[in-house]
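Below is a short briefing on one protein chain, grouped by topic. Please read it alongside the sequence and the model.

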Amino acid sequence: MSKNKDVLPVKQKLWFCSADCMSTILNSLLTGGAMTYYFTKILGMEEANASLVWIIFGIWNAVNDPLFGFIADRTKSKLGRRIPYIRYGAIIYAISFIIVWWKWPIGAGQGALFAQMLISLFLFDTLYTAIASSLYVMPYAMAVSNKSRGNIMIWKLGFSLISMAVPLVVFPLIKPDVGEDTLPFKLIMTGIGVASFIIIFLSTWHYKEVVQNESEEQYGIIKSIIMCFKNKAFIVFEILSFSLVFIQTILLQGIVYYFDEFPTPMYFAYGSLGLGAVLGIILWIKKFNTWGIKKCLSLMSIVFAVVGGVICVLGQYMPVAIVAFFFAGACFAGSMYLVPIMMGDINDYDEHLTGMRREGMYAGVNSLITKPAISLANSAFIMIAKWFGYDTTLKAGMQSAMAKQGVLVAWMAIPALLLVICFIGLRFYPLAGEKWNAIKKEIEEKHKPAEIE
């Protein structure tokens with residue numbers, strides 16, 4: 001710890017956030033629309049086959065995440081429970097990302113494309129689960145107080161803007177169009193994979209876990225899952241978490257199609273998005289301690305829902321789109337800063353109930369629920385756009401008026417509805433008020449000696 005016992009050393013935060021950023025970039029590029037776009041528009045895979053891949057893949061997602069969380073919570077290593085998976089999984093994770101973009105020698109036709117896309121997703125997500133789940137819970141093991149965790153999240157939020165910007169900005173700039181040479185694109189994606197491996201691997205020498213499980217006893221896997229759902233706060237969290245994963249996925253996917261078909265300048269849109277994110281960071285950090293998690297997330301949800309509805313109906317008009325991008329950026333900033341702190345409170349409350357540290361199990365069950373949102377978002381977007389007549393064989397800007405409207409509907413209609421549901425669900429979030437503050441203080445005092453050391 002630094003001289004200020006509530007703030008971790010800069011080096012720890014820098015390396016941790018760099019690793020988290022690179023892990024997220026790979027996942028956001030692949031599952032956030034680039035893979036679907038590449039296989040359908042560039043390689044010629046039929047939309048129905050791509051949608052089926054995502055549905056089948058969602059079944060595997062329902063198994064591997066809680067299973068890994070169960071294993072990770074029981075891992076015993078001199079490096080801790082999480083770092084071995086981050087360090088040694090990094091090379092396979094990077095390789096599984098790189099091979100997605102290179103045609104496999106398994107034949108031609110729809111069957112070969114289906115097999116490559118499906119196998120790639122299975123391999124990539126298995127390693128993503130090991131690394132990202134470990135990184136996801138690391139702040140709760142590096143620190144225990146909300147002040148110290150909040151300081152980590154501020155850093156993480158800054159790096160999250162990078163991990164959000166790369167898929168939003170880089171992919172539209174480097175993606176090949178129908179009929180163009182794909183070699184430059186594949187080389188750039190390979191370079192991103194190599195750089196990610198180096199940063200994730202090296203980072204593991206610069207941070208460690210200080211909040212460990214103090215009890216050797218752990219529940220069996222079935223009881224572990226059941227106990228998560230007995231935590232009412234976790235149920236409310238999952239409504240929010242599922243919605244935000246779905247929204248982030250479909251927004252990243254849809255924005256590529258949006259810039260293909262509408263004249264809004266990319267630099268204006270992203271400039272407005274970035275400005276909103278920066279001002280949003282300032283707002284949420286300033287108001288978090290006075291408003292609390294519950295009020296902040298409620299406000300974020302309803303504003304974001306209005307933004308989605310406006311773009312769905314009026315997104316073809318540039319002035320409306322620019323303003324909407326600004327508020328979307330502010331809301332993204334809110335979700336990236338506040339939601340991880342909310343999960344930290346839920347883990348602490350579980351320790352109050354069970355006497356155990358079960359971050360891995362909660363991360364796994366969270367993924368059990370939210371990972372299908374990635375498959376549903378990818379599948380929903382391409383199928384809704386198809387219903388409106390979107391033609392994947394046409395070059396950018398050549399779609400019909402109905403198909404262009406379909407892009408807006410596919411992009412924003414479901415997110416707006418989900419955010420309204422989040423707003424309602426947050427009314428029932430229980431970790432607020434004086435009783436929770438007293439419990440939180442008790443937990444902080446329990447782990448403070450290890451954190452200071």
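**Briefing**

Ser335 sits in helix H10, which covers residues 318–354; helices (H or I, at least four residues) and strands (E, at least two) are DSSP runs, numbered from the N terminus. The model is predicted, so local features need pLDDT of at least 70 and side-chain atom pairs count only at pLDDT 80 or more, while totals for chains, interfaces and linings use all residues. Residues are numbered from 1 along each chain as its sequence is written, and side-chain values use heavy atoms, with hydrogens and water left out.

**Confidence**

- The protein chain has a mean pLDDT of 85, and 94% of its residues reach 70 or more; pLDDT is the predictor's confidence in each residue, from 0 to 100.
- Over residues 1–6 the pLDDT stays under 50, and the model has 13 contacts beyond four places in sequence for them; contact means heavy atoms within 4.5 Å.
- Where pLDDT is low, the predicted coordinates should not be read in detail.

**Fold and dimensions**

- The protein chain holds 13 helices and 0 strands.
- With a radius of gyration of 21 Å, close to the 22 Å that the globule rule gives for 453 residues, the protein chain is as compact as a globular protein of that length. The radius is taken over C-alpha atoms, and the globule rule is 2.2 Å times the number of residues to the power 0.38.
- The C-alpha trace spans about 60 × 45 × 40 Å along its principal axes.
- Of the contacts between residues at least 6 apart in sequence, 86% join residues at least 24 apart.

**Surface and charge**

- Buried residues account for 59% of the 453 residues in the protein chain. Buried means under 20% relative accessible area, exposed over 50%, and partly exposed in between (1.4 Å probe, protein chains only).
- The protein chain has 37 positive and 29 negative charges, whose mean positions are 4 Å apart. Lys and Arg count as positive and Asp and Glu as negative, with His and the chain ends not counted; the place of a charge is NZ of Lys, CZ of Arg, CG of Asp or CD of Glu.

**Buried residues**

- Ser335 counts as buried because its relative accessibility is 9%. Leaving aside residues up to four places away in sequence, Ser335 touches Leu244, Met300 and Pro340.
- Met138 belongs to helix H4 (residues 110–142) and is buried, with a relative accessible area of 0%.
- Beyond residues up to four places away in sequence, Met138 touches Phe16, Arg82, Ile83, Ile86, Tyr207 and Glu209.
- Met138 and Phe197 are 59 residues apart along the chain, and their C-alpha atoms are separated by 18 Å.
- Arg149 lies in helix H5 (residues 146–174) and counts as buried at 1% relative accessibility.
- Between the C-alpha atoms of Arg149 and Thr75, 74 residues apart along the chain, the separation is 23 Å.

**An exposed residue**

- Lys441 is part of helix H13 (residues 434–452) and counts as exposed, at 52% relative accessibility.
- Lys441 and Leu43 are 398 residues apart along the chain, with their C-alpha atoms separated by 56 Å.
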